[in-house]
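Please follow the chain through its helix packing, its domains and its strand pairing, in that order.

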Amino acid sequence: MKVVISRTILFIIFVLALLAPESYLLAAGNLLIKNATILPVSGPPIPGGEVLIIDGIIKQIGKNLSAPAGARVIEASGKYLIPGIIDTHTHLALSGTNEGTDAITPEVRMADVINADDPAIFTALTGGVTMVHTMHGSANVIGGVNVVLKLKWGQPSEKLVVKEAFPTLKFALGENVKQSNRVLLPGRPQRYPATRMGANAIIRRELLRAKDYMTQWERYEKLKNSKNPPRNLLPPRKDLRLETLADLLRGKLYARTHAYVATEMVEFLRLAKEFGFKVAALEHAWEAYKITDELLAAGVGISVFIDSWAYKMEAAEGIAYNAAYCTRRGILVSINSDSSERVRRLFNEAGKAVKYGLTQDEALKMITINAARQLGVDHLVGSIEVGKQADLALFDQHPMSAYTRCEMTIIEGDVYFDRQQILKNREEAAARKGGN
Amino acid sequence: MFVRKIISSSRVQQLLIFLLIYGLNLQLISRPLPESFCSNQESQEEASDLMAIVNVRIIPVAGPEIPSGTILIEKERIKALGSNLEIPSGLRKIDGRGLTAYPGMIDSFSSLGLVEISGVSATVDNRETGRLNPQVKAIEALKYDSMHIPIARANGIVAAMVAPSGGLIAGQSTLVKLDGWTNREMVIRESLALVVELPGIRGGRRGFMGIGGQEPAVSTEKALSELKELFNKSRMYEKRREAAARNLLLPRPDFDETSHCLLPVVKGELPVIFAVHSDKDILQVIKFVQEEKIKAIFYQVEQGFKVAEEISRAGIPCIMGSLYGLPPVWEDGYDSLFLNPGLLNKAGVKIAFSSSSSSAAKDLPYHAAKAVAFGLDRLEALKAVTIYPAEIFGVDKLMGSLEPGKLANIVLADGDLLELGTRIEKVFIEGREVDLNNRYTELLERFKKREEEK
């Protein structure tokens, strides 16, 4: 009897397998990409190159590779294969961006509000983007804890989170936090801080409070672990706001601060030194070209626009040479979109840097390996190397050309965007419509 | 009397004599300067009205490419161009080896000179309050020394239509060259067109958190019937004013600003630029334009590709909005904005690209290149930033291509004009070489000094 049941089950599975579309029979994450011009970023271009991907990992790069049974083969002659684009500053795939009611809200976490259904994920994929740093907004001085996502469109939110990335805390300075562009309604009080002085002071105040909080806990732990702990020993009150800041001071979190003008960047770097916390990158950093010495001394990189400027006073000295000049000075630069629209043409934004002094290779690095380094995931992604995760993008022309178009976007060996497939679907839909 | 008194006073006489002698001396001293400080060749250049760009690859847009040739410029115009051009000796020669000459680009819709820093209202002059503003003219607020103009110029843009925005009737746009010491010196066409903004596909503009929003969007039907009424009112106003001029017994209507300012439109002298978006709205506006017998230009037309044949048949040119946007409707497909220019062009619609911006006006060529990536022919893309806008604006006899007799609006580039990495080496506007320094280069140079001082 038992044998009969298992045979029946096997038969059903076999029939189902036959009925299933071809793609389901292919093992996920197994691909062979053939005849592409590979721009590995970590080395020189490989014309007519092939990349073999097994279980989502790049297994081999070379020529005349053979695909194991069940692996999909992608013919890419005439096309350019690059590492998946990484956007170091976005707000996409979130169901909330700003907890702006208070100037200090480090207790909020973007990982709690991931919206895996945000169409911006698909939009980003159409531009070759595979990974984003999705952040709290800049409405307040200390925002929330950010999250890094892989854009696995269609998968549940927990599958998107990149746990290996640096945990980062959003800070913001300048016009947004002092609310200088906000219309004050009668009866609505002005929020503190309203100046750059206040913004700096409030960060110092909160970090001193966090230090104090840490001391309280240390005292408690010491007493608790002493030979004769007091009988009525009570722990200090848990404060999630200060707990997050304590993690920053313990080095478990990295700061990423929205900053525009030179002075606020210099002062933030001083605060970092004063309190001994780590800064992963400065966001926007429009006046970085004025303080390259200070950035080099602090070893802090920048995540910037290429030329989106003059939309507010503090962006009025944002020059398109910023990214190129800072790169030349040895600063780690990435180009970000900060937009659910610009994200799909981040490669065009990087390409503009060529006009302002970078080579095409250097420009491409700003949206791949440099971005990966700033997010702490350069050991996993950001270049096409054996052993790295197969996050890739295929372009019909050199990705730094204005005439290029993204053809395919791959995450861990799975195709998440395929332009040819979309065109085919459209044709079929049109034919169905025509047939009616 | 008073003047004579002053001159007759001996002190003033002495001063006048002193000034006369000193002035003559200065002239005597200054005269030899050019010879002693400058080379012989350059002094000859000044004497000549001619200038030649030699050994340059020429993309005239109007005709076939010249792999290596000469452009001869006389004063503000192109005198001749070709591969075997005989040029007189002694004129200023610019070596164009390794460079390509293109006609200067025209930005077909911008806010250059009207919006300096978009977030600082004190520097924003493109959006008048209220819904009906046919009386406002972009030229009258144009900041000729805007920091964005030299940046656009350094990317090869030599002229721009500058347009107001907002409301139903936004105001009158202007066509300017990107060179001049005053706003008036920049004028090509003082009033180019009346800008009318019809509701967007997603509905009207909403304010942020209930602040700064416009009134709820009216439908396009309603907006067009409102326009029809205004146009009729203007026609009637003119008729009654004329009748009253002939017959003193007839009542003369009081001055009405809107009717007065709409007169050139209803007479068919001033074109209307319709910012129109959906396929249905486009069809409605085509009908409206035909009924009203007005000259029309379409702007934005995000769903134009769905009714390309109809637009083509109506012969209405289309200015593309910024391609830095998302499709207005998800169902149009992720690439609809990028496909739109190519599909319109294929259907025979005359298209032109625009930056629709001031701070990003320099990106004009990249919008055109984006459309090429999605099917638009390369030469057509180039035409859509040069000769097509010139034709749409009725200035194609003056600019838009490199041809003898046209204004010498020439860009010398080190590569493809629409390519991201291309650098613009020289720009000539009406035969004059313009300064390519701008806020980007000036700030860079200023702060580079810190590094150099070490």
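In chain A, H4(A) passes H6(A) in a right-handed crossing, the hand being left-handed if the near helix is turned anticlockwise from the far one by less than a right angle and right-handed if clockwise. This is a predicted model, in which local features need pLDDT of at least 70 and side-chain atom pairs count only at pLDDT 80 or more, while totals for chains, interfaces and linings use all residues. Residues are numbered from 1 along each chain as its sequence is written, and chains are lettered from A and ligands numbered from 1 in the order in which they are written.

Helices (H or I, at least four residues) and strands (E, at least two) are DSSP runs, numbered from the N terminus. Helix H4 of chain A covers residues 196-224 and helix H6 of chain A residues 262-275, and the two pack at an angle of about 15° with their axes 11 Å apart; axes are lines fitted to C-alpha atoms, for helices over the stretch in contact, and angles run from 0 to 180 degrees between N-to-C directions. H4(A) is therefore roughly parallel to H6(A), a term for angles under 35 degrees. A:Arg196, A:Asn200, A:Ile203, A:Arg204 and A:Leu207 of H4(A) make the contact with A:Glu264, A:Glu267, A:Leu271 and A:Phe275 of H6(A), where residues are in contact if their C-beta atoms, placed from the backbone, lie within 7 Å. By class, this contact of H4(A) with H6(A) has four nonpolar, one polar and four charged residues; Ala, Val, Leu, Ile, Met, Phe, Trp, Tyr, Cys and Pro count as nonpolar, Asp, Glu, Lys and Arg as charged, and the others, Gly among them, as polar.

The domain assignment, automatic or from a database, divides chain A into domain 1 (21-84 + 382-436) and domain 2 (85-381).

A:Leu32 stands opposite A:Leu52 in E2(A). Five bridges also join E2(A), running antiparallel, to strand E3 (residues 57-62) of chain A, and A:Ile54 has A:Ile57 in E3(A) as its bridge partner. The hairpin of E2(A) and E3(A) has two residues between the strands, and in this hairpin A:Asp55 takes a positive phi near 50°.

Definitions and conventions
Angles under 35 degrees count as roughly parallel, over 145 as roughly antiparallel, 65 to 115 as roughly perpendicular and the rest as oblique. Two residues are in contact if their C-beta atoms, placed from the backbone, lie within 7 Å. Two strands pair if DSSP finds at least two bridges between them.
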